Amino acid sequence: MNNLFIKKNLYNLITNLSIIFLLLLFFYKINFETFIPVSGDELNSILVYSSNVKTVFLKNFPGNVTFFHLLGYFKTLLFGYDLISYRAITFIFLIFHFWILKKMKYGNNIIIFFFTLILLSSSFPYYAGIYVGYIFSSLIYFFIFYLIKINLNERHTKLILFLLFIQIYNHLVNLYLVVPIIFALFIFSDKKKFIKSFLFYYLLPVIIFYTVSIILTCLLYTSDAADEEDS
């Protein structure tokens, strides 16, 4: 029995270290060995939305992943405009995918298989290696589905709804997945309790944040129009 316990712990240690090593190797390969060229979306994310707190909440283009870029803005204040440090933010969110898989009780062999699929993918290394919000949105969905899985007695419903608000505020196209999730939660929840949580943790934040973004975006375009008239 003791030998089996020792072997199991040794296996977990080796596979955990293997996952860490593979992730570090992956980061090295996509950022240093074969540097991914800077994309237009990436430049827009850095120079427009992550450089000034006044632009973080703009919604003048669909590519503004506000909460992701807010982290980038704080990074700008601390470390400046180094490109690799921006891309490291994306990679940190990739790492959190594996943490959630561990929380969901997937074995290390499954996680390593998942990582192998990532390496074999022709496009995933690109999205994992640039400063855009796709990996961030993916992580939030990972976390939402994990919370749904453990949502006994509706204890995580408020957090799930708030994360769904983040998804819809970051990318309006997320409506196609957010709406079915909300509908399913409504069906399997206490209706009165769910509606109250929905109003305060989803609908109210959506209204407040989109109102702020609409006002800021209108002010931006009004200012630009005034500048053009003056010139």
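## How H8 and H9 cross

Helix H8 passes helix H9 in a left-handed crossing, a term used where the near helix is turned anticlockwise from the far one by less than a right angle, right-handed being the clockwise case. Helices here are DSSP runs of H or I with at least four residues, strands are runs of E with at least two, and both are numbered from the N terminus. The model is a predicted one, in which local features need pLDDT of at least 70 and side-chain atom pairs count only at pLDDT 80 or more, while totals for chains, interfaces and linings use all residues. Residues are numbered from 1 along each chain as its sequence is written, and side-chain values use heavy atoms, with hydrogens and water left out.

The axes of H8 (residues 134–149) and H9 (residues 157–170) come within 10 Å and cross at roughly 160°, which makes H8 roughly antiparallel to H9 (angles over 145 degrees count as roughly antiparallel). These axes are lines fitted to C-alpha atoms over the stretch in contact, and the angles run from 0 to 180 degrees between N-to-C directions.

## Residues between the two helices

From H8, Phe 136, Ser 137, Ile 140, Tyr 141, Phe 143, Ile 144, Leu 147 and Ile 148 meet Leu 159, Ile 160, Leu 163, Leu 164, Ile 166, Gln 167 and Asn 170 of H9, contact meaning heavy atoms within 4.5 Å. The residues of this contact divide into 12 nonpolar, 3 polar and no charged, where Ala, Val, Leu, Ile, Met, Phe, Trp, Tyr, Cys and Pro count as nonpolar, Asp, Glu, Lys and Arg as charged, and the others, Gly among them, as polar.

The buried residues of H9 include Ile 160, Leu 163, Leu 164, Ile 166, Gln 167 and Asn 170.

In the loop between H9 and helix H10 (175–187) lies Asn 174, which is buried, with a relative accessible area of 10%. Leaving aside neighbours within four places in sequence, Asn 174 is in contact with Tyr 141, Gln 167 and Ile 168.

## The chain as a whole

The secondary structure of the protein chain comes to 11 helices and 0 strands, and the C-alpha trace spans about 80 × 55 × 30 Å along its principal axes. Of the 231 residues of the protein chain, 40% count as buried. Among contacts between residues at least 6 apart in sequence, 68% join residues at least 24 apart.

Conventions:
Parallel < 35°, antiparallel > 145°, perpendicular 65-115°, else oblique. Buried < 20%, exposed > 50% of the residue type's maximum accessible area, 1.4 Å probe, protein only.
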